[in-house]
Amino acid sequence: AIMFTQVYGDNGKMKEYHYTGPVEHRFSPYSFNGGTVLAVAGEDFAIVASDTRLSEGYSIHSRDSPKCYKLTNTTVIGCSGFHGDCLTLTKIIDARLKMYKHSNNKSMTSGAIAAMLSTILYGRRFFPYYVYNIIGGLDEEGKGAVYSFDPVGSYQRDTYKAGGSASAMLQPLLDNQIGFKNMEGVQHLPLNQEKAVQLVKDVFISAAERDVYTGDALRICIVTKEGIKEETVPLRKD
Amino acid sequence: MALANVLQSESVDFSNYGRKCRGFSSSLYETELGLESVGGDNLSFAVRTACSDGDGPERKIQFLHGTTTLAFKFQHGVIVAVDSRATAGAYIASQTVKKVIEINPYLLGTMAGGAADCSFWERLLARQCRVYELRNKERISVAAASKLLANMVYQYKGMGLSMGTMVCGWDKTGPGLYYVDSEGNRVCGDLFAVGSGSMYAYGIVDSGLKQKDLTVEEACDLGCRAIYQATYRDAYSGGQVNLYHVHSEGWNRVSQSDVLMLHQQYQNLTDQ
């Protein structure tokens, strides 16, 4: 029975036999664990949100593995991509934060953390951390700040950014709703906290509909000068 | 090597995967990482092949590439014009990237190729230029700055860095413009355009520069138009046009114009 299924292809006809020669199997140090991260900066707040699904291939390893990590009282980082590298990277960032605090007697600001992360990532230019990072927090003036990175350390400050597996689906929606792109004759209203949180929830619900790697639950971290508040919202589990 | 020296304690060399794990040290770095062919279980440098296996959900790590940047000398200094799009494969990662790096108040560097490579090495160049100033009590020349950059990246030749940059400034010999890239090229010139949209930009600037003695405003318009035309035809360029002018007192940012606005502006001009 096994032989027949291999001999006959999907359309019922016999598959052609190709001798492929010796195949070299390589060990890959990376794997893709999915997940989507999103950050939005407001006038006096910042939101970092991520889904909590951890997948690999066709399986789900966990439904409760959030991708937001608290760094300081004013900064949260979202990391998606290869979970192993996410864990190591956040450990290294925590260690560097402690070292800075001991040397300089103060916490690192969001901008400083972003600059430091860029050099940490570039240090592994030839064996990169397979992580898409987004930092959300408050800058020195108390305004919301979002910094987005590529796997080797290129970064810039944004108002909003989506990263991870569903980023290509979320980013255009954010461009339209927060950046007012491709709209004419619309009043550019600044985003308040309640509207921003609702937008983030709506946007993740849409992402969970169409991206297999996004779903299960949504973890939202809201950063204000009072501190960091966390909220969990259920998403589709299929 | 420069990278190893700067990041001494923070990075561990995992590329010798199949052999003993070693810490990071300059001498080891030079012998191991250079030209040795990697086989068996060892990780090759082309990280892309390691994860571009056919197995379904594996994805290639994608860095940010694609651009149009240009710079040209004219009688009142140097004009530098760049676009602001960053792409990761076919996805537009950002439309608001700063591709002109302000090394110091009289030196500018442009960014084309790998975004992280350009920003990291030019930031390192800024540090080296500052050290030069402190040691020699005078500003560094454009030729020397570009040579520092070229020598830094030459040590990594063949390892996959992707950087095509123009170092523009004004020193005691007048306006300076050098093209430096990760292949090891370093050339002095009066006009350069770098990136996927460079050919389109060259067309515009070459025809515009035929008229002798441009004023500052005419030169700025020419630079702006060239980038706009490149964004029109090159899929990997777009966003905004950032324009800088370098003169004897240093550089200043002339304008930042959205390509959509420029399109309407030029359209109105042709319609008249």
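**Strand pairing in chain B**

I began with F74(B) and found it opposite G77(B) in strand 2 of chain B. The model is predicted, so I kept local features at pLDDT of at least 70 and side-chain atom pairs at pLDDT 80 or more, while totals for chains, interfaces and linings use all residues. Residues count from 1 along each chain as its sequence is written, chains are lettered from A and ligands numbered from 1 in the order in which they are written, and side-chain values use heavy atoms, leaving out hydrogens and water.

Next I looked at strand 1 (residues 69-74) and strand 2 (residues 77-82) of chain B, which run antiparallel and are joined by 6 bridges. I call strands paired if DSSP finds at least two bridges between them. Strands (E, at least two residues) and helices (H or I, at least four) are DSSP runs, numbered from the N terminus.

**The sheet and its helices**

Which order do the strands of the open sheet take? I read 10-1-2-11-12 in chain B, 5 strands with antiparallel pairing. Strand 10 (191-194) and strand 12 (250-258) of chain B are the edges, each pairing on one side only. The twist averages 15 degrees from one strand to the next.

Helix 7 (residues 216-233) of chain B packs on this sheet and touches strands 1, 2, 11 (240-247) and 12 of chain B; its direction makes about 160 degrees with that of strand 1. Helix 8 (residues 259-271) of chain B also packs on the sheet, touching strand 11 and strand 12 of chain B, at about 75 degrees to the direction of strand 12. Contact here means heavy atoms within 4.5 Å. For the angles (0 to 180 degrees, between N-to-C directions), axes are lines fitted to C-alpha atoms, for helices over the stretch in contact.

**Salt bridges**

I then searched the whole structure and noted 15 salt bridges over all chains. The criterion is a side-chain nitrogen of Lys or Arg within 4 Å of a carboxyl oxygen of Asp or Glu.

D117(B) and R125(A) form one at 2.6 Å, N to O. This pair crosses between chains, from helix 4 (residues 115-136) of chain B to the loop between helix 3 (110-123) and strand 7 (131-138) of chain A.

Are D117(B) and R125(A) buried or exposed? Both are buried (under 20% relative accessible area; exposed is over 50%, partly exposed in between, with a 1.4 Å probe and protein chains only).

R236(A) and E209(A) meet at 3.0 Å, N to O. R236(A) is partly exposed at 38%, and E209(A) is partly exposed at 45%.
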